[in-house]
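Please keep the sequence and the coordinates in view while reading.

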Amino acid sequence: MPVHLTGRFEPTSKLCHQCGTKKVSLKLSERTYHCPNCNYTNDRDLNAALNIRDTKNFVLAY
């Protein structure tokens with residue numbers, strides 16, 4: 001199964017998977033992502049994984 005590789009500094013955990021708003025002040029200790037724009041709430045890691053899955057800026061690794 002291929003893996004999506006994104007850049008190290010891609011803000012995947014700071015971007016809302018629902019509306020794309022970037023949350024500038026997201027501390028590492030915050031484990032739940034809550035979007036101030038659309039109120040989307042999810043686990044921080046799951047939000048980042050969904051963003052990585054849907055990004056157009058990636059390389060496939062096999």
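Asp 54 is partly exposed, with a relative accessible area of 38%; buried means under 20% relative accessible area, exposed over 50%, and partly exposed in between (1.4 Å probe, protein chains only). The model is predicted, so local features need pLDDT of at least 70 and side-chain atom pairs count only at pLDDT 80 or more, while totals for chains, interfaces and linings use all residues. Residues are numbered from 1 along each chain as its sequence is written, and side-chain values use heavy atoms, with hydrogens and water left out.

The side chain of Asp 54 meets that of Arg 53 in a salt bridge, at 2.8 Å from N to O. A salt bridge here is a side-chain nitrogen of Lys or Arg within 4 Å of a carboxyl oxygen of Asp or Glu. The structure holds three salt bridges. Another of them joins Lys 23 and Glu 30, with 3.6 Å between N and O. Lys 23 is buried at 16% relative accessible area, whereas Glu 30 is partly exposed at 24%.

Arg 31 and Asp 45 also form a salt bridge, their closest N and O atoms being 2.8 Å apart. Because Arg 31 lies in the loop between β1 and β2 and Asp 45 in helix α1, the pair ties together parts that are 14 residues apart in sequence. Helices (H or I, at least four residues) and strands (E, at least two) are DSSP runs, numbered from the N terminus. Both partners are partly exposed, Arg 31 with 38% relative accessible area and Asp 45 with 45%.

Helix α1, residues 44-54, also contains Arg 44. Which side chain of opposite charge is nearest to Arg 44? It is Asp 45, 4.9 Å away, and the buried Arg 44 has no salt bridge; in this count Lys and Arg are positive and Asp and Glu negative, with His and the chain ends not counted. The side chain of Arg 44 does reach the backbone oxygen of Glu 30, at 3.3 Å. Leaving aside residues up to four places away in sequence, Arg 44 touches several others, including Leu 26, Leu 28, Arg 31 and Tyr 33; contact means heavy atoms within 4.5 Å.

Elsewhere, Pro 36 is found in the loop between β2 (32-34) and β3 (41-43). Pro 36 is exposed, with a relative accessible area of 60%. Between the C-alpha atoms of Pro 36 and His 4 there are 28 Å in space, and the two are 32 residues apart in sequence.

How values were computed
Polar contact = N/O pair within 3.5 Å; in protein donor to acceptor, adjacent residues only side chain to side chain.
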